[in-house]
Amino acid sequence: MSTSRICPEWPQVDKNEYRGIWVYVEHQNGVIKDGSLQLIGKARELASKVNVGVTAVMVGHKLGDLVKEPIYYGADRVVYVDDEALAVYMPHVYASVIVNLVNKYKPEVVLFAATKRGRELAPYVANTLRTGITADCTDLDIDVKTRDLDQVRPTYGGNILAHIRTPTRRPQLASVRPNVFPTPPRDTSRKGEVIREVINNLPKPNGSLISIKPVTKGDSDLPPVEKADIVVAAGRGVGGPEGVKLLVELAKAIGGTVGGTKKVTDAGWLPVDRQIGQTGKTVRPTLYIGVGVSGAIQHIFGMKESKIIVAINSDPNAPIFEYADYGIVGDYRQVIQALLELLNQRRAGKGS
Ligand SMILES: Cc1cc2nc3c(=O)[nH]c(=O)nc-3n(C[C@H](O)[C@H](O)[C@H](O)COP(=O)(O)OP(=O)(O)OC[C@H]3O[C@@H](n4cnc5c(N)ncnc54)[C@H](O)[C@@H]3O)c2cc1C
């Protein structure tokens, strides 16, 4: 397909002018988001296929030593802009900084973690640059001949995987769901180049059209699903909020957290940020326990990378058993009660 057929008013680009894989590295309160670190690892893999370097892009204020972190996780170079005007995240300002840098350095690929910010920034940047963006990818590859990024994402309700390419535009932009790739190890002996760029005339924070409200944290004392090493997932089979409470008890007893299927979060039994799956969070804990979860493909997308999968379901034909390492067929109340009793006995030193 020719460029002119896609969008006649967009200028032609010379693909050969664009080289290098970039990762926009998101941070908040002095901490880099895991999703960005995971993308540095993937970018390394892609870059080595087409013999280019990995550049991390950072935007903010008072970044200090944080700018060195991407190097420790595998970046060859960090390009950053540190300015008072960037102290508070505002999408149009951050996007204009990224666009400025892209226009100067001309990378062939720019990756964003599909966090709330990444999902907002990436299309903003893509639209300004007149290029394509594939949102919410679950895998990436690169064609060594054409240097086209193979952007993989579920579509049609997760029933098929689409392979999307941007053959006539550069750079190629994609956002990738956090946790689909592992976080590379932090190696402080790695060395790389750190370049500070200055962009003049950035709008001052209070000149913005956007008002910033303080963020309030949820009242749950359980860790977020994407961070926990043990996740107990509630499905509709738990019957209601009372059932979820029982799972919270189990999660606390084994040092884990609670997540759920879309049906559970849609019903309001758990907050939306605990939804696991294609349109929720991706988890890769050491132990995932699905309770009353049928195993719809949209849910499986979000948990299939878990190391050990345990399924508790009253229906022996529930699809989740196809993915489970251990399956327990039965009413979840009886199974969970038995597990809790066993744990209590062990704690009291009666069991082995
Ligand atoms: C575009 C799109 C995006 C979606 N995104 C997501 C997503 O991100 N995450 C997600 O989870 N879903 C998602 N869904 C919904 C998904 O298709 C399923 O509908 C959903 O995952 C099913 O949830 P469930 O397993 O809780 O419920 P159900 O499918 O209703 O399964 C309930 C299970 O509980 C079992 N059960 C019943 N009683 C008991 C009992 N007493 N003890 C033990 N087991 C019992 C049943 O046998 C059954 O297997 C999406 C759907 C679409 C179309």
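This is a predicted model: local features need pLDDT of at least 70, side-chain atom pairs count only at pLDDT 80 or more; totals for chains, interfaces and linings use all residues.
Y105 counts as partly exposed, at 21% relative accessibility.

**Aromatic pairs**

- By the ring-pairing rule, the count comes to 3 aromatic pairs.
- In one of them, the ring centres of W22 and Y105 are 5.6 Å apart and the planes stand at 55°, so this pair is tilted.
- W22 belongs to strand β1 (residues 21-24) and Y105 to helix α4 (residues 91-105), so the pair ties together parts that are 83 residues apart in sequence.
- The two partners do not sit in one exposure class: W22 counts as buried at 1% relative accessibility, whereas Y105 is partly exposed.
- The rings of Y24 and F112 also form a tilted pair, with centres 5.6 Å apart and planes at 35°.
- Here again distant parts of the chain are linked, with Y24 in strand β1 and F112 in strand β6 (residues 109-113), 88 residues apart.
- Y24 is buried, with a relative accessible area of 3%, and F112 is buried too, at 0% relative accessibility.

**Strand β5 and its partners**

- How many of the 6 residues of strand β5 (residues 77-82) are buried? The number is 5, so β5 is largely enclosed by the rest of the structure.
- Strand β4 (residues 54-60) pairs with β5 in the parallel sense, over 6 bridges.
- Within that pairing, V79 in β5 is the bridge partner of V57.
- β5 also pairs with strand β12 (residues 193-196), in the parallel sense and over 4 bridges.
- There, V78 stands opposite V194 in β12.

**The antiparallel sheet of 3 strands**

- β8, β9 and β10 make an open sheet in the order β8-β9-β10, with antiparallel pairing.
- Its edge strands are β8 (139-142) and β10 (160-164), each of which pairs on one side only.
- On average, neighbouring strands of this sheet are turned by 25° against each other, direction ignored.
- β8 and β9 (residues 149-155) are joined in the antiparallel sense over 4 bridges, and D141 stands opposite D150 in β9.
- Helix α2 (residues 34-49) lies across β8 and β9, and runs at about 15° to β8.

**The parallel sheet of 5 strands**

- Another open sheet has 5 strands in the order β14-β13-β15-β16-β17, and the pairing is parallel.
- Which strands lie at its edges? They are β14 (257-260) and β17 (326-329), and each pairs on one side only.
- Neighbouring strands of this sheet are turned by 20° against each other on average, direction ignored.
- Strand β15 (residues 287-291) and strand β16 (residues 308-313) pair in the parallel sense over 5 bridges, with I289 opposite V310 in β16.
- Helix α6 (residues 241-253) lies across β13 (230-234), β14 and β15, running at about 170° to β13.
- Helix α9 (residues 332-347) also packs on the sheet, where α9 touches β15, β16 and β17. The direction of α9 makes about 130° with that of β16.

Notes. Residues are numbered from 1 along each chain as its sequence is written. Side-chain values use heavy atoms; hydrogens and water are left out. Two strands pair if DSSP finds at least two bridges between them. Helices (H or I, at least four residues) and strands (E, at least two) are DSSP runs, numbered from the N terminus. Axes are lines fitted to C-alpha atoms, for helices over the stretch in contact, and angles run from 0 to 180 degrees between N-to-C directions. Contact means heavy atoms within 4.5 Å. Rings of Phe, Tyr and Trp (its six-membered ring) pair if their centres lie within 6.5 Å; planes under 30 degrees apart count as stacked, over 60 as edge-to-face and the rest as tilted. Buried means under 20% relative accessible area, exposed over 50%, partly exposed in between (1.4 Å probe, protein chains only).
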